[in-house]
Amino acid sequence: MKPNSKVLILTAKYGNGHVQVAKTLEEKCKELGFKKVIVCNLYSESFPVFSEITQYLYLKSFSIGKQFYRLFYYGVDKMYNKRLMNLYFIMGHKRLHQIVTSEQPDMIINTFPMIVVPEYRRKTGTVIPTFNVLTDFCLHRIWVHENIDKYYVATNHVKEKLLQLGIHPNRIKVTGIPIRKQFELEMDLNPIYHKYGLDPSKKTLLIMAGAHGVLKNVKELCQAFLSKNKQLQIVVVCGNNHPLKESLDSLGKNYPQQFKVLSYVERVDELYRIASCMITKPGGITLTEATAIGVPIVLFKPVPGQEKENAHFFENNQSALIINQIEDICEEVHNLLMNDQKLLNMKHNIKKLNVPHSADMIVQDMIKESAYIKDKQVMVGSVNY
């Protein structure tokens, strides 16, 4: 790859994961000296109103729209080659053509399954090395297309699924999912306990409530935890969910030593490091971050689709506990926190799933693959001539 090379990274804002991976890869490309890195939310730029509506419906899939999302996720997998998919195949074609024509990127990275990119090659004959970086621990067929040059996947489990669909082994690399650098740092824990006003001698339960709301009745749940275990410290991260934070502020005042409620936390890796276990939703990025630090995970009622598939993968690897009933969660989390051996085993198991330096591995491999693809094009052109 020449020093003046350009890369186009395509993403979409259905959850934070795809965008976060795009940002991590953007930083790595800049670090490696790419002349220009273009990050594009292709669907938002092409169809802003449609994109806003579908993003809203995606968020609703965490609450009232679970069954609709189940039908979409598993239904699309079944109708992949049907006429109904034709619209998805061409969505964003015009905007993509504009970017390719004006910027002439040397390679394209997808952190969201954008079929329009390989379809663009099929229809125009324009060959730009194109790579898919999968952002979950499961495979949905919508990521798969004959004109994707290489797939970068989280685990051997996902690689096996691609092999079953006929993808050649040379076109798949197990790299883990790219995460922020901060999760791969070595840190002293004592300053972190001091920063958040927590006691190193006590167990800490981290609840990542987030904008989508992992749990219903978070306040009542926290009160139950506090009354059941007087030695337990609880930290709730609400993200941009301001109403949730406001509802929990009074609890923080009543239990200043035991209970901390926070909004968005930039260095959330610090909290992962001191957590005895964490209640969260099974998004691909959150789970990957947990593998880097080694945090035992509790997953409450995963929604159908990729999050449920992710949850089952981690449960099958003895690194997460899935709880489906709200009335069970307090008792089961309490029992887990009281079982030091089980926590230690889960910590060990989840760390085994970690692939360090994923972003560096991916981009370095893409540079090598791009050079190979372009050399092959030159050779084919010479023969044709």
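## Parallel sheet

Strand S3 (residues 107–110) pairs with strand S4 (residues 130–133) in the parallel sense, over three bridges. Within this pairing, Ile108 stands opposite Thr130 in S4. The model described here is predicted.

S3 and S4 belong to an open sheet of six strands with parallel pairing, ordered S2-S1-S3-S4-S5-S6. Its edges are formed by strand S2 (36–41) and strand S6 (172–174), each of which pairs on one side only. Direction ignored, neighbouring strands of this sheet are turned by 20 degrees against each other on average. Helix H6 (residues 93–103) lies across strand S1 (6–11) and S2, and runs at about 165 degrees to S1.

## Nonpolar cores

The largest nonpolar core comprises 54 residues, and Leu25, Leu206, Leu271 and Tyr272 have the most contacts inside it. Helix H17 (residues 358–384) supplies the largest share of this core, with six residues. A second, separate core of 30 residues includes Leu221, Cys222, Ile329 and Cys330.

Not counting residues up to four places away in sequence, Tyr272 touches Phe183, Leu206, Met208, Met278, Thr286, Glu289, Ala290, Ile293 and Val295. Leu206, one of these partners, is also among the residues with the most contacts inside the largest core.

Ser319 is placed in the loop between helix H14 (306–316) and strand S12 (320–323). Ser319 counts as buried because its relative accessibility is 0%, and buried means under 20%. Beyond residues up to four places away in sequence, Ser319 touches Pro296, Ile297, Phe314, Met346, Asn349, Ile350 and Leu353.

Conventions:
Residues numbered from 1 in each chain as written. Predicted model: local features only at pLDDT ≥ 70, side-chain atom pairs only at ≥ 80, totals over all residues. Heavy atoms only, no water. Core = buried A, V, L, I, M, F, W, Y, C linked by side-chain atoms within 4.5 Å. Buried < 20%, exposed > 50% of the residue type's maximum accessible area, 1.4 Å probe, protein only. Helix = DSSP H or I, 4+ residues; strand = E, 2+ residues; numbered from the N terminus. Contact = heavy atoms within 4.5 Å. Pairing = 2+ DSSP bridges. Axes fitted to C-alpha atoms, helices over the stretch in contact; angles between N-to-C directions.
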